[in-house]
Amino acid sequence: MSETEHQDETGIAAHATENPLDATNSTEESETQANAGSTLVHYKEVLPTTLPILPLLHRPFFPGQAVPLVVEGEPWKQTIEMVVASEQKMLGLVLLKDANLLNNSSDHAQTKDFYTMGTACRLHRVAQSDDKLQIMVEGLQRFRIETWISQQPPFIVQPHYYPEPRYEDMEELKPYVLAIINTIRELLPLNPLYGEELKIFLERFAPDDPSHLADFAASLTTSNAAELQIVLETVPLLKRVEKVLTLLNKELQTAKTQTEIRKQVEEKMEKQHREFLLHEQLKTIQKELGLEKDDRTAELEKFQKRLHTLQLTPEAEQVVKDEMDKLKMLEPGSAEYNVSRNYLDWLSLLPWGKYSADKLNIKSARKVLDGDHEGLEDVKQRIIEFIGVGNLKGSIQGTILLLVGPPGVGKTSIGRSVANAIGREFYRFSIGGMRDEAEIKGHRRTYIGAMPGKFVQAMKSVGSANPVIMLDEIDKIGASYHGDPASALLEVLDPEQNVDFLDHYMDVRFDLSKVFFICTANQLDTIPAALLDRMEVINLSGYLTSEKVQIAKKHLLRRQFERNGLERTDVRISDKILCKIIENYAREAGVRNLEKRLGIICRKCAVKILEGAEKPIKITEKNLADFLGKAVFENEHPLQGTGIVTGLAWTAMGGATLSIEVNLVHSYTRGFKLTGQLGEVMRESAEIAYSYVVSQCKALNIAEHFFENAFIHVHVPAGATPKDGPSAGITMASALVSLARRQPPQSGFAMTGELTLTGEVLPIGGVREKVIAARRVNIYKLILPKANQGDFEALPDYIREGIEAHFVGRYEQVFKLLF
């Protein structure tokens, strides 16, 4: 069974209960007159000793209420029939402890599910509606369930009634009654339904009836069932009015909050409505004056204004004209309108015929480049050549450079310096990991959310058709089922094709031939040959210690001081300490790790200054470990002895020295073993060296039978570092010869070169890095392939200074130098 909405029903109850109550009273009067000789007794004084029970789900029922209820036909029809058949037509309404109990099955209620306190009510009216019964009941008195006479529907109990006494002395209750009345008065303006219910109450009870006033006030609130049941079970009036007053105050606060929220919403709606009316009036006025423009006209005028300052190609002009004619025919609300509008937006934002004025002054360009970067002479010289040619021709053509080198040598930062030197706009984006061809050439406009490719976006962003565009990490570009971005770059980076670059989204050819492209990579192996062929490769080697010191003094320290809020006078770092930091903590080819180490020192100095340390804080050899911890790199001492030869290697981090060790394990059987995480090419190189030395025993003065039963083990430390490449051929051969002759090689030598089976020494790469690596460990005698003599002589003087280079074409020359 369920109750109807409380506040709305009360209004219905007011009209529904007038006639039933009158009818009941008139019935009782006629019965009394019929028994003329008997004593008149009020019906409240003859309440029955047993009561049929109906369950309530959501709220308890209070004495004094007259409310219509809806009752399920089954299983409560028998209970209603029992009440109608009784003389006094009384029943009890008791709240269930769990409102969900009857939602599943209405015949599952048990006696333990009822509260023990309810309200005795008189039934006034019953009406059948489909499978439900509509009843009108009037609450009379509280009662407590003493015993259950019937524990199955129809439920019957023996009640104990709590009649309300007459309250003669109101002095103690008066403050509470007035407080309740005042709180109800405050509630009335907040909700008109409160006024309707109060009107019904005053028609039946006096406002100075504290008991009914308290019950009415409780029923007026939207408190939960448990709180209202507590009020119903509180028989002492003083305690009851205290509880009711608490609930009323909570209701008042809730109502005020709801009113405030509703007021804010209404004010917002009124403001929006007022603005809407003003906008409509403004449109009407503009229309009358001939000043009105709809959205489409305004968009078209905006595009025409942009295009007026541009120099479109004939093809682009025709496309723009056709697209604008199409836009005039489309409805602004259609999807095609937005596609066309966005397309025209991109067309009108591209810098057609707009070029930055180039700075062709060689001296100022060199000043800018030298100010931003230390070293990198190859790149600087190429930029100066680029500017010089442009100066003679009067204009600068587009160029495509590829800077290859280890991390941290300044490949990315040089791009902005180049743009500043020649006075062009700069745009950089990374294509490392890019797997979608559409990132380069755009999506077709038929796709939802289509956009142009990165190069068109770059043109729009810089607003110039001749910027410097840097493509970072071109050696890490990927490929997937979406397409091959490296193949898409072929058109962009080809001077013969990028004059008519065609983006899939724009579908109009745009000239990229004036763009200066600078690409960066750590290695060439992963770049497709066709793409590599289109670029001018400039190798950037690692920095020497002296170069790193200058970079730290001129650039890195200044930047770290600014980042950490320090003045240049707050910290003192000498050149000697910078050399220590470089040699012990940042020995890699670039300067990125060096800057991190300087940042650590600056942050710790900032903390010390805040703690009261005296300025300037001086970094010395003694306290350097306090700032940076234990040294990461120990001083390299190339191994020496029989069967040990120092080689030179190239890595992505720069050059390095390798001490190759060869040892005779035993003489029981012939064998050859390689360790040290060697790659396939390096293993083959070791096998070639072994075969060559065995075949040339007589020429190399090695005992003829040495290798017949010798088990040889070749190891290249460090074992955890992967190694590969052919350039260790002569080094491995020399180590084998040293072991076989039982003679250590001449000290102070390092070497590199590929060896063939016939003893030829072939050229290798990375000469600069390998020479720098040798200088770092104080080795100044180098053996290099004769074919690399030109590479060595092309090195700067400060790198070649003090180096004694020996160029060899055959291994016999190496043998003479070492043994």
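The model is predicted, so local features need pLDDT of at least 70 and side-chain atom pairs count only at pLDDT 80 or more, whereas totals for chains, interfaces and linings use all residues. Residues are numbered from 1 along each chain as its sequence is written, and side-chain values use heavy atoms, with hydrogens and water left out.

Of its 819 residues, 46% are buried, a term for under 20% relative accessible area, with exposed meaning over 50% and partly exposed in between (1.4 Å probe, protein chains only).

Next select F455, I469, I474, L489 and L493, the residues with the most contacts inside the largest nonpolar core, which has 55 residues. Such a core is a set of buried Ala, Val, Leu, Ile, Met, Phe, Trp, Tyr and Cys residues joined through side-chain atoms within 4.5 Å. Centre on L489, which, leaving aside residues up to four places away in sequence, touches I431, I440, F455, L471, I474, I477 and L531. A second, separate core of 53 residues can then be picked out by selecting I396, I422, L566 and V571, which are among its members.

Move on to helix α20, residues 575-585, in which I577, L578, I581, I582, E583, N584 and Y585 are buried. Showing α19 (545-563), α21 (592-610), α22 (624-628) and α25 (767-776) alongside brings up the helices against which the buried residues of α20 pack.

Now select T234, in the loop between α7 (225-233) and α8 (237-289). T234 counts as buried because its relative accessibility is 9%. The T234 side chain reaches the backbone oxygen of I230 at 2.6 Å, a polar contact being a pair of N or O atoms within 3.5 Å in which, within protein, one must be able to donate a hydrogen and the other to accept it, while residues adjacent in sequence count only if both atoms are side-chain atoms. Beyond four places in sequence, T234 touches R142, K239, R240 and K243.

Finish with C519, buried at a relative accessible area of 0%, and C697, which is buried at 8% relative accessibility. A search of the whole structure finds 0 disulfides, meaning pairs of cysteine sulfur atoms within 2.5 Å.

Definitions and conventions
Helix = DSSP H or I, 4+ residues; strand = E, 2+ residues; numbered from the N terminus. Contact = heavy atoms within 4.5 Å.
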